[in-house]
Amino acid sequence: MKNFQDVAVAFLFMISVAFCLDVTTPQTEVTTEGSVSDTREVVIHNHIACARDDENIKECPQYSYDFPRRYQTQDYIRVTKPIPTMIFGTVCSWVDLVPGNMAGTWFSYATTEHINSLAVFWQGDGKIDFQINDHGYYPPFRVAGNRTIHLCLSFWVADGRARVYVDGEFFLQIPFDPVDSIKGGGILILGQEQDSYGGGFNASQAYSGSISNFMLWDRPLTDPEILDIARECKCPQNHVLDLNHKHLYLNGAVSGNVLRKCPNME
Ligand SMILES: [Ca+2]
């Protein structure tokens, strides 16, 4: 039966559409990283008829930065790419735990109107410090171990709701007083917490460790998208920001390098 295979493929496609199944297509992809080229098998996930724009999901941009020193105010990354006004968004990266906890500042975003427009840091007391338009929220945040974790924060400012994900899984919801927006055009800094516009750092709030594949989207990513980033190293490409060195200013002892794979796949 000549067309049996075509019929079977069409049937599988219909089933996939009906049930939103994940059909995988092995392909060979050639990648170039710096002067090194390699060929490897990749699997393209086709989430047919799902809400996601799968044309837009690719290997995550692989930029890692090392913050080698604790208790200082010199080491930080300042983003030079403009940040848009946001009513929702998602921030993700790989970060390092100190034993059983987080310490220091993941990022702080300041505008002239609100120094703590959006900031996430840890005081070392087992709580996350989440700031939005100068209001702080401090729910418990404890993750076991001494390792690198994947962390995402998504937020809906008009709903007064933020969701934290660890290693791709929902971890914590943070309710907050709704705000109109997070204004664009401010200063985004990784590794130090701003108490004034672009400065006012406190040594006890410095981050030490690596921050890898930091990205910002101006929409809430879905749970499956966040899981794909953490487990599969697949990122929606319509992001506002990644950590390409072209739009960063590195201060102090911060150093960067391009990873070949996501931290959980090395
Ligand atoms: Ca501070």
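**Exercise 1. Find which residues of helix 2 are buried, and what they pack against.**

Step 1. Locate the helix. Helix 2 spans residues 223-232. Helices here are DSSP runs of H or I, at least four residues long, and strands are runs of E, at least two long, numbered from the N terminus. This is a predicted model: local features need pLDDT of at least 70, side-chain atom pairs count only at pLDDT 80 or more, and totals for chains, interfaces and linings use all residues. Residues are numbered from 1 along each chain as its sequence is written.

Step 2. Apply the burial test. A residue is buried if 20 or more other C-beta atoms lie within 10 Å of its own, exposed if 12 or fewer, and partly exposed in between; C-beta atoms are placed from the backbone. E225, I226, D228, I229 and A230 pass as buried.

Step 3. List the partners. Contact requires C-beta atoms, placed from the backbone, within 7 Å. The buried residues of helix 2 pack against strands 3 (57-59), 6 (88-96), 11 (148-156), 12 (161-166) and 16 (234-236).

Step 4. Check the residue after the helix. C233 follows helix 2, with a positive phi near 65°.

**Exercise 2. Work out the strand order of the open sheet and explain which strands stand at the edges.**

Step 1. Read the order. Seven strands run 13-12-11-6-15-4-18, with antiparallel pairing. Two strands pair if DSSP finds at least two bridges between them.

Step 2. Take the ends. Strand 13 (169-175) and strand 18 (255-258) each have a single partner strand, so one side of each lacks a neighbour in the sheet.

Step 3. Inspect one pair. Strand 4 (residues 63-67) and strand 18 run antiparallel, joined by four bridges. Y63 stands opposite V258 in strand 18.

**Exercise 3. Trace what I77 touches, beyond residues up to four places away in sequence.**

Step 1. I77 is among the residues that touch the most other members of the largest nonpolar core, which has 59 residues. Such a core is a set of buried Ala, Val, Leu, Ile, Met, Phe, Trp, Tyr and Cys residues joined through C-beta atoms within 7 Å.

Step 2. List the contacts. I77 touches Y65, I189, L190, G191, L248, L250 and V254.

Conventions: Contact = placed C-beta atoms within 7 Å.
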